[in-house]
Amino acid sequence: MRCPRLRRLVLPAWNRVETVMIKAIDLWKDLESLTMPSIVNSPRLVQAIATNCRNFRELKIMGPFDIYFASSLATYLPTLKVLSLRCSKLYKDTLIFILDNLRCLDVLNISHCLLIQIPPPPAPGRIVRRLDKTILEKASRLRKFLTCMRDTCIMCQRTRNDEGLMRWYKYEKGLWKEDEVRSLAL
């Protein structure tokens, strides 16, 4: 954990190291990019990044991305430039929140996401298969808005089958390293 000049960190999985990571981020003043799984206590981690990493600009989340995580980003990292949520579970309201509140965002990747719309109760949530005009208009300000929601796409099928929590171990070795955002691909 003693890499003070660290600029990019890729953590495909972490179990119970959240506290250690937050302490380590104190040392990584030059951290610009992070790939990580979804976590329970996102505000603490995001606040630590905002406090300590003055050049932080890219984030890739591998796992469900909820409104609490999005709110943490808007609060603590409003100048985030690149966000990749590929192959994640994402709620339509959360996507709209991102587009409305991360005003400095240049690149958003939601390729192969399981996009869910939650109507008023008692109706169940439903999978969104096409982006509506509202989302497309909001996303038009982005330099790049990367999407794929095709029924014929194998990655979209896998995300749906895994219910938005990709089980990377079931697929080709190294598949988790891919990203439509070149700077985040390994």
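Author: The account below begins with the basis of the model, then turns to the part requested and its surroundings.

This is a predicted model, in which local features need pLDDT of at least 70 and side-chain atom pairs count only at pLDDT 80 or more, while totals for chains, interfaces and linings use all residues. Residues are numbered from 1 along each chain as its sequence is written, and side-chain values use heavy atoms, with hydrogens and water left out.

The part in question is an open sheet of three strands in the order β5-β7-β8, with mixed pairing. Strands here are DSSP runs of E with at least two residues, and helices are runs of H or I with at least four, numbered from the N terminus. Two strands count as paired if DSSP finds at least two bridges between them. In general, strands of a sheet pair through backbone hydrogen bonds, either parallel or antiparallel. The edges are held by β5 (89-91) and β8 (126-127); each has a single partner strand, so one side of each lacks a neighbour in the sheet. Between β5 and strand β7 (residues 114-117) the pairing is parallel and runs over three bridges. Within it, Tyr91 stands opposite Ile116 of β7.

Leaving aside residues up to four places away in sequence, Arg126 touches Leu115, Ile116 and Gln117, where contact means heavy atoms within 4.5 Å. Arg126 and Leu115 are 11 residues apart in sequence, and their C-alpha atoms are 8.4 Å apart in space.

Helix α4 lies across β5 and β7 and runs at about 75° to β5. Such angles run from 0 to 180 degrees between N-to-C directions, along axes fitted to C-alpha atoms, for helices over the stretch in contact. Helix α4 (residues 92-101) also packs with helix α3 (residues 67-76), at an angle of about 5° and with the axes 9 Å apart. That angle makes α3 roughly parallel to α4, a class that takes angles under 35 degrees. The contact draws on Ile67, Ala70, Ser71 and Ala74 of α3, and on Asp93, Thr94, Phe97, Ile98 and Asn101 of α4. By class, the contact of α3 with α4 has five nonpolar, three polar and one charged residues; Ala, Val, Leu, Ile, Met, Phe, Trp, Tyr, Cys and Pro count as nonpolar, Asp, Glu, Lys and Arg as charged, and the others, Gly among them, as polar.

The chain also has an open sheet of six strands, paired in parallel in the order β1-β2-β3-β4-β6-β9. Its edge strands are β1 (8-10) and β9 (144-146), each pairing on one side only. Strand β2 (residues 33-37) pairs in the parallel sense with strand β3 (residues 58-62) over five bridges. Ser33 lies in β2 and has Glu58 as its bridge partner in β3. Ser33 is buried, at a relative accessible area of 3%.

For the chain as a whole, the secondary structure comes to six helices and nine strands. Of its 186 residues, 47% count as buried.

Definitions and conventions
Angles under 35 degrees count as roughly parallel, over 145 as roughly antiparallel, 65 to 115 as roughly perpendicular and the rest as oblique. Buried means under 20% relative accessible area, exposed over 50%, partly exposed in between (1.4 Å probe, protein chains only).
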